[in-house]
Amino acid sequence: MVEGMSMTDIEAIGNRLGIDIRQIDLDSIQLPPGEDFGIPSDDEEKLRQEDSLEFESGFGNIIVVDNLPVVPPEKYDKLEGVVKKIYSQIGIIKEDGLWMPVNPETQKTLGYCYIEYNTPQEAELAKERTHGYKLDKAHIFAVNLFDDFDKFMKVPDEWAPPEIKPYAPGENLQQWLTDEKARDQFVIRAHHDTEVFWNDPRQSMPVPVYRRQYWTESFVQWSPLGTYLATVHRQGAAVWGGAATFDRLSRYAHPQVKLIDFSPGEKYLVTYSSHEPSNPRDTHRVILNIFDVRSGKVMRDFKGSADEFATGGTGGVSGVSWPVFRWGGGTDDKYFAKLGKNVISVYETETFTLIDKKSLKVENVLDFSWSPADPIIALFVPELGGGNQPARVSLFQIPGKEELRQKNLFSVSDCKMYWQSNGEYLAVKVDRYTKTKKSTYSGFELFRIKERDIPIEVLELENKNDKIMAFAWEPKGHRFAVIHGESSRTDISFYSMRTATNTGRVSKLTTLKGKNANALYWSPSGRFVLLAGLKHLNGQLEFYNVDELETMATGEHFMATEIEWDPTGRYVATAVTSIHEMENGFNIWSFNGKLLYRHSRDHFYQFLWRPRPPSLLTAEKEEEIAKDLKKYSKKYEIEDQDVSNQLSEQDREKRRKLQESWESWIMKWKQIHEEEKLERQHLRDGEASDDEEEYEAKEVEVEEILDVKEEIIPYEFDQE
């Protein structure tokens, strides 16, 4: 018998494995020390249920390529070189990992070969890419995974109709959008917990939805349309969905993954990892995988050194800029692109290959960005040859790669591009050197993308020496805001791409002087903007109405580090993350600056609103609803009144309970006082001192000399 286990326990394990334990000599079994007998955690149990019990053969990284030419020994090396060239472009072939069997009698090849890659993902990708590859008219490749042959051998000789399983509908992943109270969700990470809440400002509190410890090992991320919540683990990434249960929908194997990024339409997930080199002289090894979100299948992988992926971007790990791939063409996820040395590599997702099988060549290109709405790329090339060749911004149409517009720029030190959310305008902030080359000043080149020939306007600040600290377009609008000045006292200017006569010229709306702000955040619905003084400005907040050009409210969230509007533009969250050791947590404000509630949490790391997909209503329908808003608002006013009455009733009930608790406490001590009356009389020699009428109040005045001081005053006689 196995030590520490009963026969019943062992039989139960045998039943789980499909083994009749009674037919086995138990005394002959030797178990390794520390064996846990397969008792799984909750997640491991789910994995057992999801995964089949078939064991992998260990040959998942090998493919078999059939229909190769049959060649004599003198052509063997040439054929081997051709095959190796084709398949080494897809992944890394192991040393001696290509083998073409030879007929021992004729010494000719047998017309097929084996190729061994480093990973099963590379083998799977090679199969997808080259099955049906046409080497010439007589030789079209037939490619299979080595493990597939075992499956082919198990195919029964006689066909049997497949078993039709009853349809089991899954959870509606958009159910959270049907909330009767029209609330939005958000996720937070604090200490070891990840929690999802409803934002319920009418209740003045967040309402818990789902909570889990150790749900992620680094961070969480919503998908762009709010369908999925992604978590990151040592083994890879996972996505979860739902309104309340948050079941796991898919896993994406990528060991030591560090960063993830969704495509705008949520079809694809990009994962990134980097590995320390074994040789100190080597660079970091970078792996990027692009997964199909629904199937979990690797659509394309990229490998190389960190230097190959370090150009451009907004930030990253180990010198690699992130995101490496930038998605374009709207939410159809049709194109993605990567910046390289003197090239922009644009891929299309139908085949995951380069458009026209070649990159867009642009000498010394430094940065690029996609239009959020159209397949248009804006790129920046710096000055060359000490100013002999000017800097330029160019617009290219994809997939044709034709240049739509170009603007040459002189004396440029830096350049940043900002697209308006509808892709109607592009603002290019240009930092230029002064004549002495000792300082710089800034201005804007404003492109009107939708107009004929894409006209460009130049905008310079009244004070050229002002440093531009922040810029932001109004979402779906024609206005933009600029923070400029010194770090301690700044000015905020608002501009419009239209004039009163709508002639298409940029016009200044107003300038707010002397503000404590270094960041600005437009409401997603436009019209309102939050001006914030973060970091050293201690969380000063100003809620501004751009339509009326007036301040609605001011506030403060001391040491605030993060600000994020909810997707509807009704509420905004300010947060203090664990960058600071004190005051961790978040506040929820209304769009017009009313503080609705506070939520404090130690070791607070993340706050993310759940994004909403675009409205299915047409612009005309939205405009019609806005006009008839009073008709719709009556219903919600009644609901708000009901909630207010409910809260008032809850307050009254709370006060009633407090009063009852107080009266109960008073009665308790009166009873104790009465029970101790005889004992008090005994201590006073029988005198009943509890009755207040027995007391006589007398006032006694006591005089006390505190100090004596003697002073001689001179006397003057009258001379008269």
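Visitor: Hi! Is R656 buried, exposed or partly exposed?

Guide: R656 is partly exposed, because its relative accessible area is 36%. Here buried means under 20% relative accessible area, exposed over 50%, and partly exposed in between (1.4 Å probe, protein chains only). This is a predicted model, where local features need pLDDT of at least 70, side-chain atom pairs count only at pLDDT 80 or more, and totals for chains, interfaces and linings use all residues. Residues are numbered from 1 along each chain as its sequence is written, and side-chain values use heavy atoms, with hydrogens and water left out.

Visitor: Thanks. Which residue forms a salt bridge with R656?

Guide: That is E660, with the closest N and O atoms 2.4 Å apart. A salt bridge here is a side-chain nitrogen of Lys or Arg within 4 Å of a carboxyl oxygen of Asp or Glu. Both E660 and R656 lie in helix α7 (residues 629–675), 4 residues apart, about one turn of the helix. Helices (H or I, at least four residues) and strands (E, at least two) are DSSP runs, numbered from the N terminus.

Visitor: How many salt bridges does the count come to?

Guide: The count is 34 salt bridges by this rule. One of them joins the side chains of D374 and K450 (2.7 Å, N to O). That pair links distant parts of the chain, 76 residues apart: D374 sits in the loop between β25 and β26 (376–381), and K450 in the loop between β31 and β32 (456–460). There is also a network of salt bridges linking D179, K181, R183 and D200.

Visitor: And what does K407 form a salt bridge with?

Guide: With E445, the closest N and O atoms being 2.6 Å apart. K407 is in strand β28 and E445 in strand β31, so the pair ties together parts that are 38 residues apart in sequence.

Visitor: Is E445 buried or exposed?

Guide: E445 counts as buried, because its relative accessibility is 3%. K407 counts as partly exposed, at 22% relative accessibility.

Visitor: Switching to sheets: in what order do the strands of the open sheet come?

Guide: The order of the 4 strands is β33-β34-β35-β36, with antiparallel pairing. At the edges stand β33 (467–473) and β36 (507–515), each with a single partner strand, so one side of each is left without a neighbour in the sheet. From one strand to the next, the twist averages 15 degrees; axes are lines fitted to C-alpha atoms, for helices over the stretch in contact, and angles run from 0 to 180 degrees between N-to-C directions.

Visitor: Over how many bridges do β33 and β34 pair?

Guide: Over 6 bridges, in the antiparallel sense. Two strands count as paired if DSSP finds at least two bridges between them. K467 stands opposite G485 in β34.

Visitor: Where does E474 lie?

Guide: In the loop between β33 and β34. E474 is buried, with a relative accessible area of 6%. A polar atom of the E474 side chain lies 2.9 Å from the backbone nitrogen of R527.

Visitor: Backbone geometry now. Which residues does a cis peptide bond join?

Guide: I398 and P399, with omega about 15 degrees. P399 is in the loop between β27 (391–397) and β28 (402–409).

Visitor: What about phi of Y214?

Guide: Phi of Y214 is near 50 degrees, a positive value in a residue other than glycine. Y214 is in the loop between β9 (205–213) and β10 (220–222), and Y214 is exposed, with a relative accessible area of 55%.

Terms used:
Polar contact = N/O pair within 3.5 Å; in protein donor to acceptor, adjacent residues only side chain to side chain.
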